Amino acid sequence: MLNRRHIRIKVMQTLYAMQQSNSEQIQSGEKFLINSIENLQDLYLLMISTLIEIRRKEVEYISLAQKKHLATAAERNPSKRFIENRVLDLLENSTSISNKLEEKGITTWQVHDHYIQMLLDEVKESTFFKAYMAKSEVTFDDDRQFVCDIFTEVIAPNEKVYEFLEDSKLTWLDDVPVVNTMIQKQLRQLKERDVQFIVPKLYKDSEDQDFAINLYRKTILNFNELTKEFEDKTPNWDPERIAELDTIVLRMAICEFLKFNSIPVKVTINEYLEIVKEYSTDKSSIFINGVLDNISKAYTSEDRLNKIGKGLL
């Protein structure tokens with residue numbers, strides 16, 4: 001679920017939070033980092049379960065409508081295409097999802113079910129819903145596209161849901177795009193032969209998990225050493241005007257240069273350039289690129305880059 005760039009962002013945010021609070025508690029910072037990363041899976045479960053809860057809400061609506069004393073013919077014999085959608089059924093019966101929701105005690109939408117009602121209403125007012133329900137018959141591809149449309153057109157862009165997530169956990173703001181992209185990708189890849197919907201692992205592998213902790217520890221434990229590496233490499237920049245986030249990024253990037261021998265220098269530079277473009281000032285990418293380029297060239301000439309493997313410089 002997490003890629004290396006998002007791991008770097010999580011570490012950067014942790015170091016920034018510690019710097020802002022003048023905290024030197026390395027263990028508490030590491031705990032914050034781990035919780036921040038693990039909360040990403042909570043967000044994933046929350047977002048994927050909206051589809052399950054929307055279906056359940058429609059099941060509830062149909063059941064109540066059928067029991068009305070003066071129910072119309074349509075209410076007595078409603079179309080069940082929506083609630084019998086094969087992809088929604090796959091999600092509803094996913095033990096991977098239900099077990100994770102139970103394990104983490106996530107009951108958010110049961111408590112705040114007015115959000116689910118709001119989303120259901122939007123779905124039923126949409127043109128894609130009306131087109132889906134009007135088909136003479138539907139294939140699995142139709143079912144899958146319908147669910148993709150629900151998530152992409154209604155759930156993911158919903159401002160009220162976004163505001164709710166923002167109020168719930170501040171760290172989720174940067175996680176929403178990652179989670180939504182993952183869910184959309186999973187939905188699009190579903191096949192009719194699939195018998196189970198699986199919650200993805202938080203990390204791709206153990207190396208990525210180790211990378212998150214090691215990048216944090218090695219950056220913070222070598223704080224002063226890493227600072228000295230770039231202090232004299234910024235003669236044309238006023239130290240007082242260098243963005244605080246940029247100094248954190250420089251320490252992290254230099255840490256990767258010197259202490260992560262399997263990560264190519266170009267990968268490190270490119271990754272942090274993309275990060276500062278999104279999180280720092282307009283001039284940050286120019287500044288970071290110039291400094292890291294000069295430092296990497298100096299390290300190469302001084303034979304300080306102990307990279308393993310071809311093409312890592």
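Reader: How are α14 and α15 oriented to each other, roughly parallel or roughly antiparallel?
Author: In this predicted model, the axes of helix α14, residues 244-259, and helix α15, residues 265-279, cross at roughly 165° and come within 10 Å. Angles over 145 degrees count as roughly antiparallel, and α14 and α15 are therefore roughly antiparallel to each other.

Reader: Okay, and which residues make that contact?
Author: On the α14 side they are Leu245, Asp246, Val249, Met252, Ala253, Glu256 and Phe257, while α15 brings Val265, Thr268, Ile269, Tyr272, Val276 and Tyr279. Sorted by class, the residues of the contact of α14 with α15 are 10 nonpolar, one polar and two charged.

Reader: What's the handedness of the α14 and α15 crossing, left or right?
Author: The crossing of α14 and α15 is right-handed.

Reader: How do α1 and α14 pack, at what angle?
Author: The angle between α1 and α14 is about 130°, and their axes lie 10 Å apart. That angle makes α1 oblique to α14, and the crossing of α1 and α14 is again a named hand, namely right-handed.

Reader: Which residues are in contact there?
Author: From α1 the contact takes Arg8, Val11, Met12, Leu15, Tyr16, Gln19 and Gln20, and from α14 it takes Glu244, Leu245, Thr247, Ile248, Val249, Arg251, Met252 and Glu256. In the contact of α1 with α14 there are eight nonpolar, three polar and four charged residues.

Reader: Switching topic, how much space is in the largest pocket?
Author: The largest pocket holds about 300 Å³ of space. Its lining consists of Leu15, Met18, Gln19, Asn22, Ser23, Glu24, Ile26, Thr219, Ile220, Phe223, Ile248 and Arg251.

Reader: Which elements give two or more residues to that lining?
Author: Those elements are α1 (4-20), α12 (206-221) and α14, and α1 gives the most, with three residues. As for class, the lining of the largest pocket divides into six nonpolar, four polar and two charged residues.

Reader: One more pair, then: at roughly what angle do α7 and α10 cross?
Author: Helix α7, residues 113-125, and helix α10, residues 159-168, cross at roughly 155°, with axes that come within 10 Å. That makes α7 roughly antiparallel to α10, and the crossing of α7 and α10 is left-handed.

Reader: What meets what between α7 and α10?
Author: Tyr115, Met118 and Leu119 of α7 meet Lys160, Val161 and Phe164 of α10. The residues of the contact of α7 with α10 comprise five nonpolar, no polar and one charged.

Technical notes:
Residues numbered from 1 in each chain as written. Predicted model: local features only at pLDDT ≥ 70, side-chain atom pairs only at ≥ 80, totals over all residues. Heavy atoms only, no water. Axes fitted to C-alpha atoms, helices over the stretch in contact; angles between N-to-C directions. Helix = DSSP H or I, 4+ residues; strand = E, 2+ residues; numbered from the N terminus. Parallel < 35°, antiparallel > 145°, perpendicular 65-115°, else oblique. Left-handed = near helix turned anticlockwise from the far one by under 90°. Contact = heavy atoms within 4.5 Å. Nonpolar A, V, L, I, M, F, W, Y, C, P; charged D, E, K, R; others polar. 1 Å grid on protein atoms, 1.4 Å probe; cavity = no way out; pocket = protein on both sides within 12 Å on 5 of 7 lines; lining within 4 Å. Points joined across faces, edges and corners; volume = space filled by probe spheres on them.
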